[in-house]
Amino acid sequence: MSHISRAVRPSLHGQPAEPITPILFSNKIASIPKAIHCDIVFGSPNMNCLGTGICKITGANSFLSSTQKRACQRTFGQIAVGPNGKVSLFFFREFLCIQLYRQHFRKGVLVMKEACPLPSIISKGLNITGNQLLPGNYAVVECDGYFRVDLNCA
């Protein structure tokens with residue numbers, strides 16, 4: 001996925017969860033992957049969203065940014081089809097509280113002990129057959145202002 005400029009990212013938070021469509025440049029379509037804005041709750045589904053991993057993914061705007069400051073286990077991100085049949089999650093540094101960063105990103109590995117269900121609207125929007133993110137240890141790749149995690153999906 002190409003980098004999203006810092007000037008554009010704040011305006012994305014207020015938009016509904018819709019796929020990003022290709023942009024036309026000089027009669028050529030740019031290769032922009034389809035991505036959907038989403039809210040991510042960290043934790044384990046069987047531990048009432050405590051612990052490590054990803055507990056829940058919902059469409060964007062399911063919580064307000066003021067709620068995010070108090071509920072540090074949530075953040076805003078994007079989800080897209082990743083390489084080799086995986087799903088890529090993009091987390092923006094400015095939306096991560098320090099506790100989330102320390103617990104889930106600092107060591108460069110996101111540990112998911114349980115599967116995380118994917119809402120059907122996201123699966124259909126990305127045109128994937130999987131309906132859950134699988135447990136495993138996933139590398140956290142840090143890029144310019146964001147983190148990317150490629151997860152297995154089934």
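Helices (H or I, at least four residues) and strands (E, at least two) are DSSP runs, numbered from the N terminus. The views below come from a predicted model, in which local features need pLDDT of at least 70, side-chain atom pairs count only at pLDDT 80 or more, and totals for chains, interfaces and linings use all residues. Residues are numbered from 1 along each chain as its sequence is written, and side-chain values use heavy atoms, with hydrogens and water left out.

**View 1. His37 in strand S3.** Let us start with a histidine. His37 belongs to strand S3 and counts as buried, because its relative accessibility is 3% (buried means under 20% relative accessible area, exposed over 50%, partly exposed in between, with a 1.4 Å probe and protein chains only). The side chains of His37 and Gln78 are joined by a polar contact of 3.2 Å. Such a contact is a pair of N or O atoms within 3.5 Å; within protein, one must be able to donate a hydrogen and the other to accept it, and residues adjacent in sequence count only if both atoms are side-chain atoms.

**View 2. The hairpin of S3 and S4.** Strands S3 and S4 run antiparallel and are joined by 6 bridges; two strands pair if DSSP finds at least two bridges between them. Across the pair, Phe42 stands opposite Ile54 in S4. The hairpin has 5 residues between its strands.

**View 3. Asn48 and Cys49 in the loop between S3 and S4.** Look here at the backbone. Asn48 has a phi near 55 degrees, a positive value in a residue other than glycine. Cys49 also has a positive phi, near 65 degrees, and is likewise not a glycine. Asn48 counts as exposed because its relative accessibility is 67%, whereas Cys49, at 15%, counts as buried.

**View 4. The second largest cavity, of about 30 Å³.** Searching the whole structure gives 2 cavities of 30 Å³ or more. On a 1 Å grid over the protein atoms alone, a cavity is a set of points where a 1.4 Å probe fits but cannot get out, and lining residues have an atom within 4 Å of a point. Grid points are joined across faces, edges and corners, and a volume is the space filled by probe spheres set on the points. Strand S3 (35-44) and strand S4 (50-59) each supply at least two lining residues of the second largest cavity, and S4 gives the largest share, 3 residues. Among the residues lining this cavity are Ser44, Ile54, Met112 and Glu114.

Key. 1 Å grid on protein atoms, 1.4 Å probe; cavity = no way out; pocket = protein on both sides within 12 Å on 5 of 7 lines; lining within 4 Å.
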